Amino acid sequence: MTAAPATASKRRRGGSSTAHGARNRARGPRQSIMSRSAAMLIMGVFTLYFLTPIWWLLTTSTKTGGEITSTAPLWFTADSAETFLANLGRLFTYGDGLFGRWLLNSALYAGVGALIGTIIAAMCGYALAKYEFRGREAIFNIVLSGVLVPATALALPLFLIFSRVELTNTMWAVFLPSLVSPFGVYLARIYAAASVPGELLEAARLDGSGEIRTFFTVSTRLMAPALVTIFLFQFVAIWNNFFLPLIMLRDQALFPVTLGLYAWNSQISQIPELRSLVIVGALVSILPLIIAFLALQRFWSSGLGAGGVK
Amino acid sequence: MRAHYGKVTAAFAMISALALSGCSAGGDSTEAGAEAAPCEASEGPVTLNFTTWVPGMDKVVELWNAENPDIQVQVQTGPNGNSGTYQNFFNQIQAGNAPDLGQVEYDALPNFRVQDGLENIAGCEGVADAQDKFVDWTWGQVTFGEEGSVYAVPQDSGPMAMYYRADLFEAAGIEVPTTWEEYAAAAEQIKAQGSYITNFPKQDVNWFAGLVWQNGGQWFANDGENWDVNLTSPESEEVATYWQDLLSKDLVSTLPSFSDEWNASFNEGQQWTWVSAVWGATTLSDGAPDTAGKWAVAPMPQWEDGGETAGNWGGSSTAVLKGSDHPAEAAKFALWLNTDPEALALANELGGIYPAAKSATELEAFAGGVDYYGGQNIYEVFADASSNVDPDFTWGPTMTQTYTDVSDGFGAAIGGSGTLMDALENGQQKTIDSLKAQSIPVAE
């Protein structure tokens with residue numbers, strides 16, 4: 001999961017394979033057929049395990065409320081395409097286009113929140129890695145302990161604090177707590193320590209560059225793979241965040257898509273037509289995550305490779 | 001209206017423990033029989049916040065806002081009560097920024113009352129006189145039988161009756177059961193045909209409570225000071241033993257209710273009856289579309305031949321939450337919302353609400369036959385049921401906990417370990433423990 005250990009292991013492999021690399025590659029890996037197929041089998045089972053629910057989501061979103069129970073669960077019906085489009089249409093028109101609003105909110109919370117959160121985490125991690133000052137380790141340890149506290153446990157105290165300053169039921173109530181990422185700080189520090197050479201910073205200072213300018217023009221580029229990782233993690237965490245908005249927000253127009261779908265789902269027994277909307281909505285709501293991963297994956301893996309040949 | 005219990009509940013249980021410990025430090029949570037505070041109208045225009053989870057309520061409120069420029073209401077819609085909104089109310093009451101009005105189900109009202117989360121609106125204009133406008137038992141739910149107290153305005157109710165497959169009963173030559181004894185006999189005949197008479201839902205403990213309610217049982221009582229917990233009364237035991245017998249003989253299915261497989265089971269004709277509330281009419285027609293026209297509704301089976309009692313499942317009120325700056329205006333709006341014919345009609349159309357107001361029977365929506373039920377006017381049956389619901393049934397202050405514990409026990413009984421009665425005995429003990437843990441006085 002973390003970029004840093006992956007980089008380290010790559011580096012190790014890169015080092016040891018230089019001698020025999022060419023010959024090994026020509027003859028192919030040495031594993032036996034047995035162990036390879038065992039590995040493939042295990043991976044295949046897990047792939048199936050992870051993809052089946054998404055497949056179900058896809059097929060079910062092409063059905064009307066009644067067809068969900070009366071047709072084969074993992075396959076399409078004869079008029080799937082039309083039903084899917086009709087479902088989509090109803091999804092975006094139900095309740096005066098509420099769902100579109102929720103998607104926008106989520107994009108705003110997750111997009112802007114992850115961006116600013118990444119910058120803050122990067123600066124913090126970078127400072128902890130590259131500057132020596134008193135209490136550095138203490139600060140780092142305190143930040144690290146933040147990783148251990150589940151966000152759920154903080155929701156109620158946060159609510160009481162935000163009530164004091166009358167910020168509950170506003171966008172800020174969800175946005176501000178999303179900006180901090182202890183794990184991001186940890187990752188940024190590890191990565192900055194490994195990938196930003198102190199000599200380079202010295203050189204920049206000799207050339208008359210200020211610390212802030214050096215950070216943005218030199219260091220962030222070197223830390224780019226870590227930053228993309230932090231951004232992705234933060235984006236996914238905020239996008240999937242549910243408990244904090246549940247406690248903070250009363251106004252439907254401020255809900256992120258997770259909370260909105262949850263609210264709909266809790267009303268199915270009264271308004272059964274919501275059943276198919278919740279399913280189509282769930283499908284639509286995971287698309288941005290898939291897009292974010294596919295789009296940023298390139299930077300991510302190329303960055304890992306670049307770190308490997310030092 | 002229907003309660004959901006799940007993982008979320010567990011998370012809330014943890015959080016509410018935190019909230020409660022904060023609350024009891026606040027002091028007067030056990031104050032009983034408070035005097036009706038003077039309820040004076042505010043000067044100038046006011047804006048009220050109203051949190052509900054009934055779909056379409058914003059449209060109903062638009063009607064009000066158009067006619068009342070000085071009392072504007074803003075609606076917030078969220079997840080249903082037990083899925084988070086109640087916990088939010090408690091947090092907000094504690095933080096002093098709760099909405100003026102909130103939707104609260106009858107079985108959650110005592111919890112709010114015990115934690116001092118409700119404004120007594122008895123002194124507000126028009127409230128005391130409104131009693132006659134509501135079905136008797138719903139009024140009992142919002143006053144807790146306290147003199148000079150009204151804590152909410154009844155909104156909707158869920159009188160129970162029996163949905164049954166008229167076509168299947170007729171084809172098989174089985175009489176439609178009118179007593180529980182006949183119901184059990186019919187269950188055997190239906191099982192012989194490879195189907196089930198109904199489904200026993202382990203998580204719908206409030207449904208089970210509705211059956212006990214019909215039998216004249218009481219789970220809770222409050223004498224103004226102490227709470228009496230009585231999940232194991234003879235009436236309760238009779239109901240539990242009855243269903244245990246059906247379960248042991250495998251005459252009822254045990255699917256999770258409102259799930260896809262549950263819907264499918266109804267849709268495919270595996271289920272012949274469903275003893276359920278009035279709001280179940282749309283659940284059925286939407287979940288089992290292939291059986292349209294084949295259903296009918298009859299009164300609940302009776303414990304005594306010729307009886308007319310009915311139970312209730314669900315229903316909620318519009319409560320004025322503690323800390324509202326404008327209780328008079330809030331009460332005025334709540335009364336309008338739940339008695340005005342136009343508002344009731346729209347709430348029924350958009351939100352599927354079956355009003356607690358007596359005038360509901362005059363609504364056009366309940367006047368004609370329903371095609372899904374073979375053209376029968378099913379609402380006549382439910383209106384009768386509504387007037388036959390015991391008005392004295394009382395919910396306890398920790399229903400979420402009680403439901404969870406009893407539901408766990410029901411699950412175990414279905415799995416073959418223990419009985420439904422064991423589940424109730426365990427629920428009884430857990431409930432008493434939980435009340436004591438919250439310093440709520442319990443009668444021993």
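Predicted model: local features only at pLDDT ≥ 70, side-chain atom pairs only at ≥ 80, totals over all residues.
Colleague: How do you know that the length of helix 9 of chain B, residues 234-248, agrees with a helix?

Modeller: At 1.5 Å a residue, its 15 residues should span 21 Å, and the end C-alpha atoms are 20 Å apart, so the two agree.

Colleague: Good to know! Which parts of chain B do the buried residues of helix 9 pack against?

Modeller: They pack against helix 7, helix 8, helix 15 and helix 16 of chain B. Among those buried residues are B:Tyr242, B:Trp243 and B:Leu246.

Colleague: Why is B:Glu119 said to have no salt bridge?

Modeller: A salt bridge needs the nitrogen and the carboxyl oxygen within 4 Å. The nearest side chain of opposite charge, B:Lys322, is 4.6 Å away, so B:Glu119 has no salt bridge, although the residue is buried. B:Glu119 sits in the loop between helix 4 and helix 5 of chain B, and its contacts include B:Tyr151, B:Val320 and B:Lys322.

Colleague: And what makes B:Lys59 and A:Asp96 a salt bridge?

Modeller: Their closest N and O atoms are 3.5 Å apart, and the cut-off is 4 Å, so the pair qualifies. The rule finds 1 salt bridge across the interface of chain B and chain A, along with 12 residue pairs in polar contact.

Conventions: Residues numbered from 1 in each chain as written. Chains lettered and ligands numbered in written order. Heavy atoms only, no water. Helix = DSSP H or I, 4+ residues; strand = E, 2+ residues; numbered from the N terminus. Expected span 1.5 Å × (residues − 1). Buried < 20%, exposed > 50% of the residue type's maximum accessible area, 1.4 Å probe, protein only. Contact = heavy atoms within 4.5 Å. Lys, Arg positive; Asp, Glu negative; His and termini not counted. Polar contact = N/O pair within 3.5 Å; in protein donor to acceptor, adjacent residues only side chain to side chain. Lists of a residue's contacts leave out its neighbours within four places in sequence.
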